[in-house]
Amino acid sequence: SGGALFSAPLVDLEGQKLALKTERKIFFNMWFRHIPHLIYPLETALVIAATLSQISLGDLLLYQLPIFLFGLLIGIPLALHGIDESKNVQIQKAYLKDFLQAFWPILLVVILIVIFDIKVYLATSFSSILILITQRKTISFSTHRVKDWVSIASLAVALMMYRNYFENSGAITVITALIQTQAIWPPLLLVGLAFLIGVIIG
């Protein structure tokens, strides 16, 4: 996937410093690249789930947090087991500063959504405006960047339209009745709904 194309070379470079085997580097890349999706407020699946279920995205992330922490508790010992401590790479303060300078817009969105329970489109809009203000001299309005912004805006509009259609169709009433009466085994119903929504949305 696109994410793997970005992260794999970075993991490979750092893995070479620690003399890691290929299997271990693959584990690092796959495990720690995917479990943040459980609490990442801009994750498409979470935004869709919160929108359709009418649950606050902040509340949904709190529900997901124990699963995320459990994934970390499992992954860290498996990933670090057997690594030579003498080859550990120390995180320098300069790297941390560079990280904060690069990712503060995303961190700001996370804080606004999780702590202040602000809508996703408002949080991302506010963060984007701050980027334009603080980095107006260095930001480049390339065609690719504009397409990305249009894509995000289109997703927000599509979600609102889809939610409106979902509510007006009466599907929520039917699904609620099926769950309450247990006419269909709940785990099967939930898996089937998730699959159906995934097929519809793509």
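Q: Which residues make the nonpolar surface patch?
A: This is a predicted model, where local features need pLDDT of at least 70, side-chain atom pairs count only at pLDDT 80 or more, and totals for chains, interfaces and linings use all residues. Residues are numbered from 1 along each chain as its sequence is written, and side-chain values use heavy atoms, with hydrogens and water left out. The patch, of about 630 Å², is made by Leu62, Leu65, Leu69, Ile111, Val114, Ile115 and Phe116.

Q: Which helix gives the largest share of it?
A: H4 does, with three residues, and Leu62 is placed in that helix. Helices here are DSSP runs (H or I, at least four residues), numbered from the N terminus.

Q: Where is the kink in H4?
A: A kink of about 35 degrees lies at Gln64, shortly before Pro66; the bend is the angle between axes fitted to the seven residues ending there and the seven starting there.

Q: And which residues of H4 are buried?
A: Among them are Leu57, Leu61, Gln64 and Phe68, where buried means under 20% relative accessible area.

Q: What comes after H4?
A: Gly82 follows H4, and its phi is positive, near 85 degrees.

Terms used: Helix = DSSP H or I, 4+ residues; strand = E, 2+ residues; numbered from the N terminus. Buried < 20%, exposed > 50% of the residue type's maximum accessible area, 1.4 Å probe, protein only. Patch = residues over 30% accessible without salt bridge, like charges linked within 9 Å, V, L, I, M, F, W, Y side chains within 5 Å. Areas by Shrake-Rupley, 256 points an atom, 1.4 Å probe, with all protein chains shown as cover. Salt bridge = Lys/Arg side-chain N within 4 Å of Asp/Glu carboxyl O.
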